[in-house]
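Q: Could you take a close look at one part of this model for me? I'd like a walk through the strand pairing first, and then the charged side chains.

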Amino acid sequence: MSDPSAKPLQEHVLIISDDGGRREVLLTETFYTIGRSPRADIRIKSQFVSRIHAVLVRKSSEDVQAAYRIIDGDEDGQSSVNGLMINGKKRQEHTIQTGDEIVMGPQVSVRYEYRRRDQFGTIPGNEQFDITLIDPGMIEDEEEIPTSVSSSPPEME
């Protein structure tokens, strides 16, 4: 039986390696431009990448893992100078899958990952299950630990 508090978390991520280092971009929109231009949605830091090198379009498909298509060039159909090398093959366009490696120029690569994991929320009203774990190493002297609890009050002197 599945846990009703578990919600699947689905992320589409581009891992970009360029002159600026390595970074991850979470994909949430339906359309992106990729390139070195300041107007590009996803900026690539390299002189070898076209101003708008490629576009990324979200597909309307039941297959969530194949949700984006990358197309060489800009929105007007003008191809990039270096093109796209996807998994070692020159491509004009490609539906990207987890692990696909896209090379846009020397020392510029983009890897796509689809991540899915369960995200657990809290269940309201479960305060009764407060569990405190104690490490035995935290107890200094065993003689200080009471061995029995008396229900009668201590005697007065």
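How many bridges join S3 to strand S4, and do the two run parallel or antiparallel?

A: Keep in mind that this is a predicted model. S3 and strand S4 (residues 42-43) are joined by 2 bridges and run parallel. With strand S5 (residues 54-58), S3 has 4 bridges, and that pair runs antiparallel. Ile34 takes part in both pairings: its bridge partner in S4 is Ile42, and in S5 it is Ala54.

Now follow the chain into the loop between S3 and S4. Arg39 makes a salt bridge with Glu75, at 3.7 Å from N to O. Glu75 lies in the loop between strand S6 (68-72) and strand S7 (84-86), so the pair ties together parts that are 36 residues apart in sequence. Arg39 is exposed at 55% relative accessible area, while Glu75 is partly exposed at 41%.

That's one of 6 salt bridges in the whole structure. Another joins Arg111 and Glu113, with the closest N and O atoms 2.6 Å apart. Salt bridges with shared partners link Glu24, Arg111, Glu113 and Arg115 into one network. Glu113 sits in strand S11 (residues 108-120), and its side chain also has a polar contact of 2.9 Å with that of Arg115. Because its relative accessible area is 17%, under the 20% cut-off, Glu113 counts as buried. Beyond its sequence neighbours within four places, Glu113 is in contact with Glu11, His12, Val13, Ile15 and Thr98.

Definitions and conventions. Residues are numbered from 1 along each chain as its sequence is written. This is a predicted model: local features need pLDDT of at least 70, side-chain atom pairs count only at pLDDT 80 or more; totals for chains, interfaces and linings use all residues. Side-chain values use heavy atoms; hydrogens and water are left out. A polar contact is a pair of N or O atoms within 3.5 Å; within protein, one must be able to donate a hydrogen and the other to accept it, and residues adjacent in sequence count only if both atoms are side-chain atoms. Contact means heavy atoms within 4.5 Å. Two strands pair if DSSP finds at least two bridges between them. A salt bridge is a side-chain nitrogen of Lys or Arg within 4 Å of a carboxyl oxygen of Asp or Glu. Buried means under 20% relative accessible area, exposed over 50%, partly exposed in between (1.4 Å probe, protein chains only).
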